[in-house]
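Colleague: Hi, could you walk me through this one? I'd like to go over the side-chain pairs and then the domains.

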Amino acid sequence: MTDAENTPFPSQAPPTPAPQVLPPSPAAYATARSVLADGGLVAFPTETVYGLGADAGNDRAVADIFAAKGRPSFNPLIVHVLDLAQAEPLVQVDERARQLAALFWPGPLTLVLPRRAAAPLSLLVSAGLDSVAVRAPSHPVARAMLAAAGCPVAAPSANVSGHVSPTAPVHVAEEFPEGGGGRLRLILAGGRCPVGVESTVLDLTGERPVLLRPGAVTREELEQVLGPVDLAGAGTGIKGPGMLSSHYAPRLPVRLNALDPRPDEALLAFGPDAFIRGGHERLNLSPNGDLHEAAANLFAMLRALDKPCCTGIAVMPVPEDGLGAAINDRLRRAAAPR
Ligand code: TXA
Ligand code: MG
């Protein structure tokens with residue numbers, strides 16, 4: 001018998017390798033650069049959540065983001081840049097965008113702007129729209145990676161479509177245990193994300209600015225610069241593709257504004273008054289009632305409470321002001337009918 005005949009025939013395809021996990025270092029950024037240049041995917045921390053990044057000019061790589069996440073192809077991606085100068089060849093930047101970028105970039109604000117015809121971007125990032133969402137993240141690891149990559153990086157949150165967004169490297173590894181079919185080759189492990197909820201998405205393609213997704217830059221802050229900002233939803237005709245109602249969803253059902261958790265429910269509490277009885281497992285978003293702390297804890301605590309020993313997650317009310325609007329937006333989607 002020859003060696004070839006001796007080799008057992010594999011009964012199924014071998015498992016794809018888990019992604020490499022590297023803490024930030026010059027060598028890690030060089031690896032990120034070569035993975036991106038080779039059309040692979042790199043997960044990286046931003047101040048909001050971890051992103052699943054690809055070279056935004058590479059069709060195959062951008063298609064792989066959709067495939068790895070199971071993301072519907074009609075949901076466009078955010079293109080990450082270092083600064084406004086890197087965004088200018090991609091989108092038409094008007095005076096409003098210039099003002100906002102000067103005030104809030106780098107930071108958790110995404111601007112949807114008209115796409116330039118000659119933009120060196122895969123058409124897939126726009127998902128058929130004639131606009132592109134651009135954002136300059138402030139996280140030092142994201143910035144060092146963008147600088148090393150030398151190209152705009154398309155990146156949605158690094159979770160399977162519809163799941164809770166990742167705010168720590170371990171969440172990314174849990175979402176893609178086999179690297180999304182081997183497509184995710186590297187996780188840049190930069191610790192926990194300080195903001196914890198995704199960027200504010202503002203549509204500037206029309207005359208009136210429209211808030212597509214509330215985030216850390218609040219509607220009030222935007223209105224101080226722009227005047228009235230409309231809310232996306234019924235009436236505006238804008239379909240914020242991120243407005244698919246069920247999203248950010250743990251496996252367990254989520255019950256909002258709960259003041260009476262059942263003994264078999266997990267309790268996600270908020271504030272100093274979390275004295276109420278019940279709650280099989282309990283975590284408090286912020287015992288002091290601090291909305292920044294609550295946002296930073298939100299997704300990690302939803303994940304931690306999402307355990308088979310409970311029948312659901314009961315969530316105490318969170319005030320709607322400031323970052324509370326973004327927190328409640330994510331909670332409503334986590335609780336939406338699936
Ligand atoms: O904080 C964030 O924004 C994170 C980090 C990684 O930057 N990214 C993120 O990406 O949350 P994703 O794909 O999970 O959410 C992007 C949102 C979606 O709701 C998408 O529909 C919307 O932005 N979006 C992207 N491009 C758009 C466009 N051209 N027009 C309207 N909405 C757009
Ligand atoms: Mg997402």
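**Salt bridges and domains**

Modeller: Happy to: glutamate 47 and arginine 135 join their side chains in a salt bridge, 2.8 Å from N to O; a salt bridge here is a side-chain nitrogen of Lys or Arg within 4 Å of a carboxyl oxygen of Asp or Glu. Keep in mind that this is a predicted model, where local features need pLDDT of at least 70 and side-chain atom pairs count only at pLDDT 80 or more, while totals for chains, interfaces and linings use all residues. Residues are numbered from 1 along each chain as its sequence is written, chains are lettered from A and ligands numbered from 1 in the order in which they are written, and side-chain values use heavy atoms, with hydrogens and water left out.

Colleague: Where do glutamate 47 and arginine 135 lie?

Modeller: Glutamate 47 is in the loop between strand 2 and strand 3 (50-55) and arginine 135 is in strand 6 (residues 131-135), so the pair ties together parts that are 88 residues apart in sequence. Helices (H or I, at least four residues) and strands (E, at least two) are DSSP runs, numbered from the N terminus.

Colleague: Are glutamate 47 and arginine 135 buried or exposed?

Modeller: Both glutamate 47 and arginine 135 are buried. Buried means under 20% relative accessible area, exposed over 50%, and partly exposed in between (1.4 Å probe, protein chains only).

Colleague: How many salt bridges are there in the whole structure?

Modeller: The search finds 19 salt bridges. One of them joins arginine 185 and aspartate 38, at 2.6 Å from N to O. Arginine 185 lies in strand 8 (residues 184-188) and aspartate 38 in the loop between helix 2 (26-37) and strand 2 (41-45), so this pair ties together parts 147 residues apart in sequence.

Colleague: And how accessible are arginine 185 and aspartate 38?

Modeller: Arginine 185 is partly exposed, at 34% relative accessible area, whereas aspartate 38 is exposed, at 55%.

Colleague: Which residues are linked in a network of salt bridges?

Modeller: That network links Arg255, Asp260, Arg262, Asp264 and Glu265.

Colleague: New topic: what does the domain assignment give?

Modeller: The chain has domain 1 (20-231) and domain 2 (254-335); the bounds come from an automatic or database domain assignment. Their centres, taken over C-alpha atoms, are 27 Å apart. The contact (heavy atoms within 4.5 Å) takes 20 residues from domain 1 and 13 residues from domain 2.

Colleague: What area is buried between domain 1 and domain 2?

Modeller: About 1,300 Å², with carbon and sulfur atoms giving 56% of it. Buried area is the accessible area (1.4 Å probe) that two parts lose on being put together, summed over both. Val164, Val197 and Pro214 supply 36% of the area that domain 1 buries against domain 2, more than any other three residues.

Colleague: How many salt bridges are there between domain 1 and domain 2?

Modeller: The count is 3. On the domain 1 side, helix 7 (residues 169-175) gives the most to the part touching domain 2, with 3 residues.
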